[in-house]
Amino acid sequence: MSYILFDDNSRYSLLPFTHTRAVADIRCGIYNMRERWEHLLRSKTDTLTENYLQPAYTSNHLPYILENVFGIEPNVANIYINGSVFGTAELVKSIAKLQSGEKLVQGDILIAAYTKGAIAFEDLEETTRDLKEILYEGSIRKLRKLWDIFSK
């Protein structure tokens with residue numbers, strides 16, 4: 001099982017911070033978003049971001065490398081988690097309940113998706129569109145604008 005933190009459209013509202021890093025690597029307080037998720041998941045995470053940044057992260061993203069570099073479609077379980085959403089214990093519990101082919105959403109926010117194989121950044125929205133929706137009832141905090149980095 002791989003946990004992959006992905007960038008959503010909020011990355012464009014978080015420029016210039018996201019020009020050289022994924023949203024998950026933005027520091028909010030003592031931790032960055034990735035460190036929060038890794039602590040809660042008790043696992044290392046990979047990254048799915050813009051194509052020009054992806055080479056900086058592909059050393060850990062084996063499914064991406066296999067599919068996009070070698071043309072091999074891996075049959076590996078991946079949980080894609082929105083890197084702009086603050087990780088919480090309640091979210092981790094909900095994500096852990098996901099089955100293959102399901103996604104966790106709140107409103108129009110894709111929180112997490114459970115898939116087999118790798119997804120390219122530009123295909124993320126299209127690939128997850130037809131997954132079965134599981135609604136998250138709890139509250140979430142999310143980086144949407146630059147000032148959220150300092151206020152949340």
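1. Basis. The model is predicted, so local features need pLDDT of at least 70, side-chain atom pairs count only at pLDDT 80 or more, and totals for chains, interfaces and linings use all residues. Residues are numbered from 1 along each chain as its sequence is written, and side-chain values use heavy atoms, with hydrogens and water left out.

2. The sheet. Six strands form an open sheet with mixed pairing, in the order β4-β1-β5-β7-β6-β8. Its edge strands are β4 (46-48) and β8 (132-135), and each of them pairs on one side only. On average, neighbouring strands are turned by 25° against each other, direction ignored. Strands (E, at least two residues) and helices (H or I, at least four) are DSSP runs, numbered from the N terminus. Two strands pair if DSSP finds at least two bridges between them. Axes are lines fitted to C-alpha atoms, for helices over the stretch in contact; angles run from 0 to 180 degrees between N-to-C directions.

3. Strand β1. How many residues of β1 (residues 2-6) are buried? Five of the five are, so the strand is largely enclosed by the rest of the structure. Buried means under 20% relative accessible area, exposed over 50%, and partly exposed in between (1.4 Å probe, protein chains only). In a regular strand, side chains alternate between the two faces of the sheet. Both faces of β1 are covered: Ser 2, Ile 4 and Phe 6 are buried on one side, Tyr 3 and Leu 5 on the other.

4. Partners of β1. Strands β1 and β5 run parallel and are joined by five bridges. Here Tyr 3 stands opposite Ile 79. Three bridges link β1 to β4, also in parallel. Leu 5 has Thr 47 of β4 as its bridge partner.

5. The β6 end. Strand β6 (residues 102-106) runs parallel to β8, with four bridges between them. Val 105 faces Leu 135 of β8 across this pairing.

6. Helix α4. This helix (residues 89-96) lies across β5 (77-82), β6 and β7 (109-116), at about 150° to β6. Which of its residues are buried? They are Leu 91, Val 92 and Ile 95. Seen down the axis of α4, these fall within an arc of 100°, so they line one face of the helix. The arc is that of the directions from the helix axis to the C-beta atoms. The buried residues pack against α2 (33-41), β5, β6 and β7. On the face turned away from the buried side sit the exposed residues Lys 93 and Ala 96.

7. Two threonines. Thr 18 lies in the loop between α1 (10-13) and β2 (27-28). Thr 18 is buried, at 0% relative accessible area. Leaving aside neighbours within four places in sequence, Thr 18 is in contact (heavy atoms within 4.5 Å) with Arg 11, Val 23, Ile 26, Tyr 52 and Leu 53. Thr 127 is in helix α5 (residues 124-129). Thr 127 is partly exposed, at 38%.

8. Charges over rings. Arg 11 lies over the face of Tyr 12, 5.8 Å from the ring centre. Arg 141 lies over the face of Phe 86, at 4.3 Å. The test is NZ of Lys or CZ of Arg within 6 Å of the ring centre and within 35 degrees of the ring normal.
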